[in-house]
Amino acid sequence: MSVVHFTRYRMEIDLSGVPAVPELPDGYYWVPWDDSLLTIHAEVHYRAFHDCIDRYLFPCFSDRDSCWFLLREIRDKPGFMPQATWLIGAANGCVATIQCIEAEPRVGSIQNVGVLPRHRHQGLGQALILQALHGFHEAGLKRAWLDVTAENEQALRLYQRLGFRMKEMSIKEIHDWKLEEIS
Ligand SMILES: CC(C)(COP(=O)(O)OP(=O)(O)OC[C@H]1O[C@@H](n2cnc3c(N)ncnc32)[C@H](O)[C@@H]1OP(=O)(O)O)[C@@H](O)C(=O)NCCC(=O)NCCS
């Protein structure tokens with residue numbers, strides 16, 4: 001049996017002075033939150049995380065129905081922020097999702113962000129995050145954070161480029177993940 005360790009970092013950003021949301025590439029458009037879109041967020045989330053290391057840490061990411069329940073749980077949180085929760089649409093349907101909550105007073109949390117593999121590397125991930133950060137800022141929030149798996153280098157680079165920085169954490173706050181066997 002192999003034991004695999006994963007480290008998750010918490011990264012934070014000050015919401016004053018966040019860069020403007022860029023124009024989406026041709027053929028893509030913004031889809032604001034609506035309750036009727038919960039299933040679409042869940043489907044995009046499921047497909048976006050299919051090849052991501054996080055599926056080992058969060059087994060629910062590998063199952064369609066569990067993604068739906070996860071999305072419903074986020075939607076039902078008292079701090080759910082529809083104004084920071086978006087889809088990106090394209091000709092054949094939605095291709096990217098971001099879901100956010102106010103985790104503490106005036107502090108936003110990006111719960112999940114995912115772009116379908118075929119639509120990556122065009123700036124959609126960056127645009128989604130900036131769109132969410134502006135949603136937080138317009139709602140009066142001051143800071144935002146997210147958690148990222150250390151091995152997810154693509155995501156880490158993106159967050160650092162946007163100005164997220166590692167949060168200093170107490171030992172109690174640090175989550176080290178140990179999985180017995182992954183295949
Ligand atoms: C992480 C994730 C959201 C990034 O989405 P994305 O749409 O590819 O993000 P971007 O396009 O903004 O940036 C990705 C790369 O494309 C590059 N890029 C952006 N626009 C580009 C363009 N027009 N042409 C070429 N490259 C471009 C960026 O510079 C970046 O390069 P880098 O990897 O060298 O840093 C996506 O990989 C994903 O969904 N992964 C699976 C789920 C996941 O890991 N989510 C995060 C959990 S914390």
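## Helix α3

Helix α3 covers residues 64–76, and its 13 residues reach 19 Å from the first C-alpha to the last, close to the 18 Å expected at 1.5 Å a residue, where the expected span is 1.5 Å times one less than the number of residues. Helices (H or I, at least four residues) and strands (E, at least two) are DSSP runs, numbered from the N terminus. This is a predicted model, in which local features need pLDDT of at least 70 and side-chain atom pairs count only at pLDDT 80 or more, while totals for chains, interfaces and linings use all residues. Residues are numbered from 1 along each chain as its sequence is written.

Cys67, Leu70, Leu71 and Ile74 of α3 are buried. Seen down the axis of α3, these buried residues fall within an arc of 95 degrees, so they line one face of the helix; the arc is that of the directions from the helix axis to the C-beta atoms. A residue is buried if 20 or more other C-beta atoms lie within 10 Å of its own, exposed if 12 or fewer, and partly exposed in between, with C-beta atoms placed from the backbone. The cover over the buried residues of α3 includes α1 (38–48), β4 (93–104) and β5.

On the other side of α3, Asp65, Phe69, Glu73 and Asp76 are exposed. Aspartate 65 counts as exposed because it has 10 C-beta neighbours inside 10 Å, and its C-alpha atom is separated by 9.1 Å from that of tyrosine 46, 19 residues apart along the chain.

## Strand β5 and its partners

Of the 9 residues of β5, 8 are buried, so this strand is largely enclosed by the rest of the structure. β5 pairs with β4 in the antiparallel sense over 8 bridges, two strands being counted as paired if DSSP finds at least two bridges between them. Isoleucine 110 in β5 is the bridge partner of cysteine 100, and in the hairpin of β4 and β5, with 2 residues between the strands, arginine 106 takes a positive phi near 65 degrees.

With strand β6 (residues 143–149), β5 pairs in the parallel sense over 3 bridges, and valine 107 stands opposite arginine 143 in β6.

## The shell around the ligand

Of the 20 residues around the ligand, Arg120, His121, Gly123, Gly125 and Gln126 come nearest. The elements that give two or more residues to this shell are β5 (107–115), α4 (124–138) and α5 (153–162), and α5 gives the most, with 4 residues. A residue is near a molecule or strand if its C-beta atom, placed from the backbone, lies within 6 Å of it.

Terms used:
Contact = placed C-beta atoms within 7 Å.
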